[in-house]
Amino acid sequence: MGKPTGFLEYNRVDCHQVPPEERIKNFDEFKLPIPLEEQQTQAARCMDCGVPFCQAGMLFGNAVSGCPLNNLIPEWNDYLYRGNWRQAYLRLKKTNNFPEFTGRVCPAPCEKACVCNLHGDPVTSHNNELTIVEYAYANGYVEPLIPEVRTGKRVAIVGSGPAGLAAADQLNHRGHSVTVFERFDRPGGLLMYGIPNMKLDKKIVRRRLDLMEQEGVEFVTNADVGAGYDAQALLEQYDAVILCCGASNPRDLNCPGRDANGIHFAVDFLRANTKSLLDSGLSDGKYISAKGKKVIVVGGGDTGNDCVGTCIRHGCESVIQFEMMGKPPLERAENNPWPQWPNVLKVDYGQEEAICLQGEDPRIYNTTVKEFLKDEKGNLRGVTAVNLSWAGGKMTELDTYEVETDMVLIAAGFLGCQKYVADAFGVKLTPRTVVETTKYATNVPGVFAAGDMRRGQSLVVWGISEGRACAKAVDTYLMGYSNMP
């Protein structure tokens, strides 16, 4: 695939980025494509390796390396290199319903497993994917595919994030009539309100939703199933129900002073910001503003990074991140060889922006909050932080110190699904508070689950993979067989 000697002849060239000092002035996407000819050259670096680990999606060590969707990466890299754009798109959409999403927000486990990454720089498969799908949209390759025959079966999907949308897309193309229920005012779930606009412009999400509506998928918004919207009615009116409500139960910090004013969950902070941005360009003031505040973000993952980038765009006075774990190494450790996921230091866009403005990385490792400090009016004035030590997987608290702050954003991960939805349908949960399933089927006949609600907090690409697999299970349940991929 590609040019046999391309990986020897061409160096890796990534997409361009708007400089941090410029992009923090707005919430626009800041990654810019390189010329099409250059992207084709990058596809030439795909080296026709004997075993393409990039598309394997296999477990190495304790993490999956390679694409969970088993995208046919060498094939569409080859088509891209040769300028066969239509075939590249057809090959890409064969395994991925929404490459315009993964091409923007996926951490690219395909590139981490690329054979070129063993002794050099991996192929730019992530950027190649995005280039192919955006070219397809621009040139009319992406058209509504309306089923010619309907099966007469009706499927309700609760939740419109990556898993719900993927399941809806698959089942609709199969010929089933699909209705997606979303508790918020816009469909899209995590894609709409969980990922900031500068990473995934909501016009891109809306473009796909419009296409799905043209193809026959129905979306019902402001429908909080299990809390104001009758779950029993869905069981009676539909032949199957799929629960794709995500792992939206945030992990809290149960420290003294937790009731102080100025402490927020990251998910609430990010959702309110995006809604206000879409509704009014932030002019309505209906969001949690970090303007002029000294912010502490508790959590060093992707959500914490999104909070850092959002706070900077608000105009915060300062922002730091507390990370419980130690600082990762700059290079792979001996016990973390390729093609495992590399446990190395990553500087994401939010940290890059903070470094540009503050002169140093905002992350403070081996640290967490021990107590929230309030003033006489109950407002947050600071925290007592504690240094941590790790040995044999056990944490030991060391010395403490005070840090002045008037806003804390808790981005410490998620504990599983919100129980009221599971209770409304009578489905069992595991000790991890995710839905218990057997091949995506729950203990309630006709009720299935997929995505983070079933597997726990994960990536968009895993949500799409789960939605596709669950759709096949539902199709088999409804029809007695399935030819779906």
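Which residues of helix α5 (residues 85–93) are buried? Point 5 takes this up.

1. Basis. This is a predicted model, in which local features need pLDDT of at least 70 and side-chain atom pairs count only at pLDDT 80 or more, while totals for chains, interfaces and linings use all residues. Residues are numbered from 1 along each chain as its sequence is written, and side-chain values use heavy atoms, with hydrogens and water left out. Helices (H or I, at least four residues) and strands (E, at least two) are DSSP runs numbered from the N terminus.

2. Contact means heavy atoms within 4.5 Å.

3. Strand β10 and its partners. Because 4 of the 5 residues of β10 (residues 294–298) are buried, the strand is largely enclosed by the rest of the structure. Buried means under 20% relative accessible area, exposed over 50%, and partly exposed in between (1.4 Å probe, protein chains only). With β11 (residues 318–323), β10 pairs in the parallel sense over 5 bridges, and Val 298 has Phe 322 as its bridge partner in β11. β16 (residues 407–410) runs parallel to β10 and is joined to it by 4 bridges; Val 295 stands opposite Met 407 of β16. The parallel pairing of β11 with β12 has 3 bridges, and Gln 321 stands opposite Arg 363 in β12. β10, α14 (residues 302–314) and β11 together make a right-handed β-α-β unit; right-handed means that, with the strands pointing away from the viewer, the path from the first strand over the helix to the second runs clockwise.

4. Another open sheet has 5 strands in the order β7-β6-β5-β8-β17, with parallel pairing. Its edge strands, β7 (218–220) and β17 (447–449), each pair on one side only. The twist averages 20° from one strand to the next. Strand β6 (residues 177–181) and β7 run parallel and are joined by 3 bridges; Phe 181 has Val 220 of β7 as its bridge partner.

5. Helix α5. The buried residues in α5 are Trp 85, Ala 88, Tyr 89 and Leu 92. They cover an arc of only 95° around the axis, so they lie on the same side of α5; the arc is that of the directions from the helix axis to the C-beta atoms. These buried residues pack against α3 (36–43), α4 (73–81), α6 (99–105) and α8 (125–138).

6. Nonpolar cores. A nonpolar core is a set of buried Ala, Val, Leu, Ile, Met, Phe, Trp, Tyr and Cys residues joined through side-chain atoms within 4.5 Å. The largest has 61 residues, and those touching the most other members are Ile 157, Leu 171, Leu 191, Leu 200, Ile 242 and Val 474. Helix α18 (residues 460–479) gives the most to this core, with 8 residues. Apart from it lies another core of 20 residues, including Ala 231, Leu 234, Phe 425 and Val 435.

How values were computed:
Two strands pair if DSSP finds at least two bridges between them. Axes are lines fitted to C-alpha atoms, for helices over the stretch in contact, and angles run from 0 to 180 degrees between N-to-C directions.
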